[in-house]
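Trainee: I am new to this structure. Please take me through the terms and the values behind them.

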Amino acid sequence: MGVIVNKENQQDDELSRRITADLRARAVQEESDDVDMVEDARYLKDLRKTSKFGWVWIVLIVLAVLSLVSMIFL
């Protein structure tokens, strides 16, 4: 829900323009900096990214589950 307000005050228009310009400048700066500090988190300090062979673990887990299911039901 919005409220439409018409103001004739020149000072309010100038303040609105300055606020808008400041917000745009901050948005551009944050977009270029791309700072989310996820990589700097303390709990990620000793972790490594998954290697290119990470998919092998998924395949092995799926095969183990399938073998357990086949032993139980067959």
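Mentor: Start with a definition: a salt bridge is a side-chain nitrogen of Lys or Arg within 4 Å of a carboxyl oxygen of Asp or Glu. This is a predicted model, where local features need pLDDT of at least 70, side-chain atom pairs count only at pLDDT 80 or more, and totals for chains, interfaces and linings use all residues. Residues are numbered from 1 along each chain as its sequence is written, and side-chain values use heavy atoms, leaving out hydrogens and water.

Trainee: What makes Glu14 and Arg17 a salt bridge?

Mentor: Their side chains meet at 3.0 Å, N to O. The limit is 4 Å, so the pair qualifies.

Trainee: How many helical turns separate Glu14 and Arg17?

Mentor: About one, because they are three residues apart in helix 1 (residues 10-33). Helices are DSSP runs of H or I, at least four residues, numbered from the N terminus.

Trainee: Why is Glu14 called partly exposed?

Mentor: Buried means under 20% relative accessible area, exposed over 50%, and partly exposed in between, with a 1.4 Å probe and protein chains only. Glu14 has 38%, so it counts as partly exposed. Arg17, at 49%, is also partly exposed.

Trainee: What makes Asp22 and Arg26 a salt bridge?

Mentor: Their closest N and O atoms are 3.5 Å apart. That is within 4 Å, so the pair qualifies. Asp22 and Arg26 are four residues apart in helix 1, about one helical turn.

Trainee: How many salt bridges does the rule give?

Mentor: Two.

Trainee: How much of the protein chain is buried?

Mentor: Buried residues make up 1% of its 74 residues.

Definitions and conventions: Helix = DSSP H or I, 4+ residues; strand = E, 2+ residues; numbered from the N terminus.
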